[in-house]
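These are my notebook entries on one protein model. I set down what I looked up, entry by entry.

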Amino acid sequence: MTVGGWRPARVSSVTTATPTARLLRLDVPGWPGNEAGQHVDIRLTAEDGYQAVRSYSLSSYGPGESIELGVDEVPDGEVSPYLVQDVRPGDELEVKGPLGGYFVWRPGGEGLVQLVAGGSGVVPLVAIARAATDASAGASVRLLYSVRTREDAMYRDELEAFATPGGVELTWAYTRQAPEGWTGRIGRVDESVLRASVWSAELQPTVYVCGPTGFVEHVADALVRLGHSPDRVKTERFGGA
Ligand SMILES: Cc1cc2nc3c(=O)[nH]c(=O)nc-3n(C[C@H](O)[C@H](O)[C@H](O)COP(=O)(O)OP(=O)(O)OC[C@H]3O[C@@H](n4cnc5c(N)ncnc54)[C@H](O)[C@@H]3O)c2cc1C
């Protein structure tokens, strides 16, 4: 039963994604299913009744009562360190959702799709990549994923496995340190990186940009300068600077 839209959820598994991030799988009785790109609100209640609510994107999509979140720890944060370090299978929390109807991908009719992720902003884009792959639409999707280092990449193995001929095309951008043998530049995603790796504006892709607020605004502005129509650039801001 839901009260005020909140559903009880039980953690079914916790998986290490990076040194600072965990994938949480939750069983949510009565979950109505969700589209690729949507998010939930998570509510935690302490023994003294204190409550905290934060939004988390879903890397899962479709029907079923099991959902997946990917949480990266924000140092000194209130909620994310608990979700990353302390949550264990069997723990209970509350979920509201699915939320968001704008930052979603639906099979059929979308044309080319460009995904641009910064850090944990990859989570809803993983759902889109999974949904597009399942709908045999992977070839129309490109993902540019900006991470500090290779070790900071969430879903790294799965994303690299998607990147087969006819699958989602993946380009890495490293902001701090690149793996051995990397010949590209290291640094913030800029217009030259976007020009080299995203579908060009003439092809009129729908672009999904997600990550920390500063990253999203910087990338969205650069895309518009490169000729992408602002109404084809969908953004999801995770907060922070
Ligand atoms: C729609 C939506 C979807 C989201 N999906 C995800 C997701 O899939 N995975 C995920 O890890 N996070 C996601 N977030 C961010 C998440 O909601 C929290 O903001 C984040 O986990 C930090 O919460 P906290 O309580 O630990 O930090 P807080 O105690 O709220 O904040 C501590 C400090 O960190 C800063 N801060 C807050 N958020 C961020 C951030 N994202 N990056 C850098 N600094 C920040 C604050 O400004 C503050 O100074 C999403 C946010 C939104 C709005």
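**Entry 1: ground rules.** I worked from a predicted model, in which local features need pLDDT of at least 70, side-chain atom pairs count only at pLDDT 80 or more, and totals for chains, interfaces and linings use all residues. I number residues from 1 along each chain as its sequence is written.

**Entry 2: domains.** I looked up the domain assignment, which gives domain 1 (6-99) and domain 2 (113-238); such bounds come from an automatic or database domain assignment. I find the C-alpha centres of domain 1 and domain 2 to be 24 Å apart. The contact between them takes 14 residues from domain 1 and 14 residues from domain 2, where contact requires C-beta atoms, placed from the backbone, within 7 Å. On the side of domain 1 that touches domain 2, β1 (6-18) and β5 each supply at least two residues. I name helices (H or I, at least four residues) and strands (E, at least two) from DSSP runs, numbered from the N terminus. By class, that side of domain 1 holds six nonpolar residues, seven polar and one charged. Here Ala, Val, Leu, Ile, Met, Phe, Trp, Tyr, Cys and Pro count as nonpolar, Asp, Glu, Lys and Arg as charged, and the others, Gly among them, as polar.

**Entry 3: ligand shell.** How many residues surround the ligand? I note 21, of which the closest are G77, V79, S80, G239 and G240; a residue is near a molecule if its C-beta atom, placed from the backbone, lies within 6 Å of it. The shell around the ligand draws at least three residues from each of domain 1 and domain 2. β4 (51-57) and β5 (66-72) each supply at least two residues of this shell, and β4 gives the most, with four. The residues of the shell comprise seven nonpolar, nine polar and five charged.

**Entry 4: nonpolar core.** In soluble globular proteins, nonpolar side chains tend to be buried together. A residue is buried if 20 or more other C-beta atoms, placed from the backbone, lie within 10 Å of its own, exposed if 12 or fewer, and partly exposed in between. The largest core has 62 residues, and those with the most contacts inside it are L115, L125, I128, A129, L143 and Y145. Helix α2 (residues 122-134) gives the most to this core, with nine residues. The core draws at least three residues from each of domain 1 and domain 2. Leaving aside neighbours within four places in sequence, I find L115 in contact with L125, I128, A129, V141, R142, L143 and Y208.

**Entry 5: helix α2.** I checked its span: α2 has 13 residues and reaches 18 Å from its first C-alpha to its last, close to the 18 Å expected at 1.5 Å a residue; the expected span is 1.5 Å times one less than the number of residues. α2 is mostly covered, with eleven of its 13 residues buried. Among the buried residues are V122, P124, V126 and R130.

**Entry 6: backbone exceptions.** Most residues other than glycine have a negative phi, and most peptide bonds are trans. S136 counts as exposed because 12 or fewer is the limit and S136 has 11 other C-beta atoms within 10 Å. Y155 is not a glycine, yet has a positive phi of about 60°. I place Y155 in the loop between β8 and α3 (156-162), and Y155 is buried because 23 C-beta neighbours lie inside 10 Å. A cis peptide bond joins G97 and P98, with omega about 0°; P98 is in strand β6 (residues 92-99).

**Entry 7: two loop residues.** The C-alpha atoms of V87 and V11 are 76 residues apart along the chain and separated by 7.9 Å. Leaving aside neighbours within four places in sequence, V87 is in contact with V11, V14, L24 and Y82. I place G187 in the loop between β9 (169-174) and α4 (191-197). G187 is exposed, because 12 other C-beta atoms lie within 10 Å. G187 and V207 are 20 residues apart in sequence and 21 Å apart in space, C-alpha to C-alpha.

Terms used:
A nonpolar core is a set of buried Ala, Val, Leu, Ile, Met, Phe, Trp, Tyr and Cys residues joined through C-beta atoms within 7 Å.
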